[in-house]
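Thanks for asking me to look this one over. Below are my notes as numbered points, to be read with the structure open beside them.

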Amino acid sequence: MPTYVYRCMKCGKFEVSQQITDKPLERCPTCQEPVKRVISGGSGVIYKTNGFYITDHKDKKGSHAAS
Ligand SMILES: [Zn+2]
């Protein structure tokens with residue numbers, strides 16, 4: 001099952017395992033805010049630390065993408 005990365009304005013990035021036939025999430029399962037799917041792999045888009053969105057908690061789980 002593929003894992004998709006979403007970005008929530010409140011919670012930051014999180015991963016969800018979905019069937020490829022599933023619809024993309026529209027709402028964060030945690031806080032119900034709208035989320036955007038992050039297309040990983042080679043697009044050069046980095047959402048993590050550019051500072052254009054506000055994180056009010058710091059997650060040190062080390063789940064940053066290694067690619
Ligand atoms: Zn959220």
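**Notes on the model**

1. A word on burial to begin with: of the 67 residues in the protein chain, 21% are buried. Please keep in mind while reading that this is a predicted model. The accessible surface of the protein chain amounts to about 5,500 Å², and carbon and sulfur atoms account for 51% of that surface.

2. The secondary structure is quickly told. The protein chain has 0 helices and 3 strands, so to read it from the N terminus is to follow the order β-β-β, with strands being DSSP runs of at least two residues. Strand β1 covers 3-8 and β2 covers 12-17, while β3 takes in 35-38. Among contacts in the protein chain with a separation of 6 or more, 31% join residues 24 or more positions apart.

3. Which residues make up the largest nonpolar core? There are 7 in all: Y4, Y6, C8, F14, V16, C28 and V35. Strands β1 and β2 are the elements that give two or more residues to this core, and β1 supplies the largest share, with 3 residues. As general background, nonpolar side chains in soluble globular proteins tend to be buried together.

4. Leaving out residues up to four places away in sequence, Y6 touches G12, K13, F14, V16, Q18, P24, L25, V35, K36, R37 and V38. Y6 and E26 are 20 residues apart in sequence, and their C-alpha atoms are 9.4 Å apart in space.

5. The structure holds 1 aromatic pair. How are the rings of Y6 and F14 arranged? Their centres are 5.8 Å apart and their planes meet at 20 degrees, so the pair is stacked; the limit for that label is under 30 degrees. F14 is buried too, because its relative accessible area is 17%. Both Y6 and F14 belong to the largest nonpolar core.

6. Now to the metal. Which residues are the protein donors of the zinc ion? They are C8, C11, C28 and C31, each through its SG atom, lying 2.3 Å from the ion. The arrangement is tetrahedral because the 4 donor atoms subtend angles of 100 to 114 degrees around the zinc ion, and the class calls for all angles to lie between 85 and 135 degrees. Along the sequence, the donor residues follow the spacing C-x2-C-x16-C-x2-C.

7. C11 is in the loop between β1 and β2, and C31 is in the loop between β2 and β3, so the pair links distant parts of the chain. C11 and C31 are 20 residues apart along the chain, with their C-alpha atoms separated by 7.8 Å. Are these two cysteines buried or partly exposed? C11 is partly exposed because its relative accessible area is 26%, and C31 is partly exposed at 22% relative accessibility.

8. Not counting residues up to four places away in sequence, C28 touches C8, C11, F14, E33 and V35.

9. Q32 is worth checking for its backbone. Phi of Q32 is near 70 degrees, a positive value in a residue other than glycine. Q32 has its place in the loop between β2 and β3, and it is partly exposed because its relative accessible area is 47%.

10. T3 is partly exposed, with a relative accessible area of 43%. Setting aside residues up to four places away in sequence, T3 touches E15, V16 and S17. T3 and I20 are 17 residues apart along the chain, and their C-alpha atoms are separated by 9.2 Å.

Note on methods
Residues numbered from 1 in each chain as written. Predicted model: local features only at pLDDT ≥ 70, side-chain atom pairs only at ≥ 80, totals over all residues. Heavy atoms only, no water. Helix = DSSP H or I, 4+ residues; strand = E, 2+ residues; numbered from the N terminus. Buried < 20%, exposed > 50% of the residue type's maximum accessible area, 1.4 Å probe, protein only. Contact = heavy atoms within 4.5 Å. Areas by Shrake-Rupley, 256 points an atom, 1.4 Å probe, with all protein chains shown as cover. Core = buried A, V, L, I, M, F, W, Y, C linked by side-chain atoms within 4.5 Å. Donors = N, O, S within 2.8 Å, 3.2 Å for Na, K, Ca; no water. Tetrahedral: all angles 85-135°; square planar, octahedral: opposite > 155°, others 65-115°. Phe/Tyr/Trp six-rings, centres within 6.5 Å; stacked < 30°, edge-to-face > 60°.
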